[in-house]
Amino acid sequence: MQDKAEYARKGIGRGKSSLTLEYDGGILLMAENPSRLSKIGEIYDRIAFAGVGKFSEFDQLRKVGVRYADVKGYAYSRDDVRGKALANAYSQAMGDVFTRELKPLEVEVIVAEVGDDGLSGQEKNAIFRVQFDGSISVHEGYCVIGGTADDLASFLGNEYRAGMPLGDAVQMGRRALQRANEGGPGVEPRNLEVCVLDRSRAGRKFQRLPTDMVKQYLGA
Amino acid sequence: MQFGTTYQGSSFSELLEVDFNYLRPDLGGLAVRVGEAQVPHGTTVLAFKCADGVMVAGDRLATEGHRVASRDIQKVFATDSHSLIAIAGAAGPCIEMARLMRIELEHYEKIEGEGLELDGKANKLSQMIRANLPAAMQGLVVVPLFAGYDVRRHLGRLWKFDITGGRYEETDFEATGSGGLFARESLKKSHRPDASRTDAVKIAVLALTDAADEDRATGGIDVVRGIFPIVDYCTKDGIEHVPDAEIEEVYRGVVAAQGRRRGTA
């Protein structure tokens, strides 16, 4: 068990970090990602996914999540698809792999769900983090996974203020990701993958921000 | 890594077929033929190209034989940001197919990270209609129109289908359902490929009014109850739902013009 955990942690720690921040109009998901393979994805109307670690493994988890959400929404209603249930399903599945299989998953994921002001009782945002062994935690305000997650989390712990506008959140996100390459050149806007769950949008609230827009927010 | 599913592809309807067969609408196994009077039927829908894209419209009436089943059902549905489906036939399976189509397109886009081409969407719909063939033979016919703005070729396009899944791309306009013939005759006279949005709304309202005039199963514009047809305009900027107030104004213009011709107004 110990060896397995060590192995998984090493794999996850090697990559870049991915972070999630609440802002005044929704939830921001951001990762340093120079490749065209996405680390952040849309799951459902109000739910987004972020993964770190081995791409093939977390992308598989993302797809499983999309299938789970779409089938649930088809069988019941779109409002019945909730982030907590999905995070729990991930937790079960990842925990299962950790105890049963020889090789643990070298991934960590975030499930973020933006609130809906029109649905009584569902107005609040929810951010869940699921680790390689299936352990699950709930986060308020911000959450970081992968790379030097602890360092970034303590940075955000000092900097984060509730109710920031999106522009401030994007800038803070970049400052946090910058810490990983200390002394090195800054993170180029085109190497940032930036997505939002925009509370004000109707229906599908997930949106991928194009580099031009990211540049605008960064004032670069 | 699965939550109890085995399907690995990117199609939602295939996912249902492989792993959730009990959720699939399967009406093909009916022992008896379902009569027109037993289930609600949607009647007239139409689509045509105009200068900036396509206009898709449908009346609101559903009938069970000679009776009114519903006065305000919806027959035109957005399937994603740039495509629409308009349905005629047995209302239940029709609406279910429109819903499934919408989920299908969204599912593909989320799994693959990129949406289907407009051609691909039309092709997928034709497979879904073909899968409904056994049910169609039992009387539960679904014959939709599919239209949208092709963002790669920069033009509006539209397709009609038959019950076998046959797919036919139309160059100008098409209408289907019980009043489809009359709507098509009307479109033949008034349609212009370079029509502006304003003109296109007028053409759509005129065609639906003509269809309702000749076909008893097509709902006209009901000013008393405030029930107006669905008229959706699809261009490169997405889909715009034409507001009821605008349709009412255009309709009153159409009626006034008819009155003038007859010398009664």
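Residues are numbered from 1 along each chain as its sequence is written, and chains are lettered from A in the order in which they are written. Because the model is predicted, local features need pLDDT of at least 70 and side-chain atom pairs count only at pLDDT 80 or more, while totals for chains, interfaces and linings use all residues.

**Exercise 1.** Describe the overall build of chain A and decide how its radius of gyration compares with the globule rule.

Solution. Begin with the secondary structure of chain A, which comes to six helices and ten strands, where helices (H or I, at least four residues) and strands (E, at least two) are DSSP runs numbered from the N terminus. Along the principal axes, the C-alpha atoms of chain A fill a box of roughly 50 × 45 × 30 Å. Finally, 47% of the 220 residues of chain A count as buried, a residue being buried if 20 or more other C-beta atoms, placed from the backbone, lie within 10 Å of its own, exposed if 12 or fewer do, and partly exposed in between.

**Exercise 2.** Characterise the packing of helix α2 (residues 55–75) against helix α3 (residues 83–100) in chain A.

Solution. Two packed helices are described by the angle between their axes and the distance between the axes. Axes are lines fitted to C-alpha atoms, for helices over the stretch in contact, and angles run from 0 to 180 degrees between N-to-C directions. Here the axes come within 11 Å and cross at roughly 135°. α2(A) and α3(A) are therefore oblique to each other, since angles under 35 degrees count as roughly parallel, over 145 as roughly antiparallel, 65 to 115 as roughly perpendicular and the rest as oblique. The contact (C-beta atoms, placed from the backbone, within 7 Å) is made by A:Leu61, A:Gly65, A:Tyr68 and A:Ala69 of α2(A) with A:Leu86, A:Ala89 and A:Tyr90 of α3(A).

**Exercise 3.** Find what covers the buried residues of helix α5 (residues 180–190) of chain B, and describe how α5(B) packs on α6(B).

Solution. The buried residues in α5(B) are B:Gly180, B:Phe182, B:Ala183, B:Arg184, B:Ser186 and B:Leu187. Their cover includes β2 (45–50), β12 (173–176) and α6 (197–214) of chain B. The axes of α5(B) and α6(B) are 8 Å apart, and the helices pack at an angle of about 140°, which makes α5(B) oblique to α6(B). Among the residues making this contact are B:Phe182 and B:Leu187 of α5(B) and B:Ile203 and B:Leu206 of α6(B).

**Exercise 4.** Describe the side of chain B that touches chain A.

Solution. In this interface, 13 residues of chain B are in contact with 16 residues of chain A. On the chain B side, α1 (12–19) and α2 (91–112) each supply at least two residues, and the largest share, four residues, comes from α2(B).

Conventions. Two residues are in contact if their C-beta atoms, placed from the backbone, lie within 7 Å. The radius of gyration is taken over C-alpha atoms; the globule rule is 2.2 Å times the number of residues to the power 0.38.
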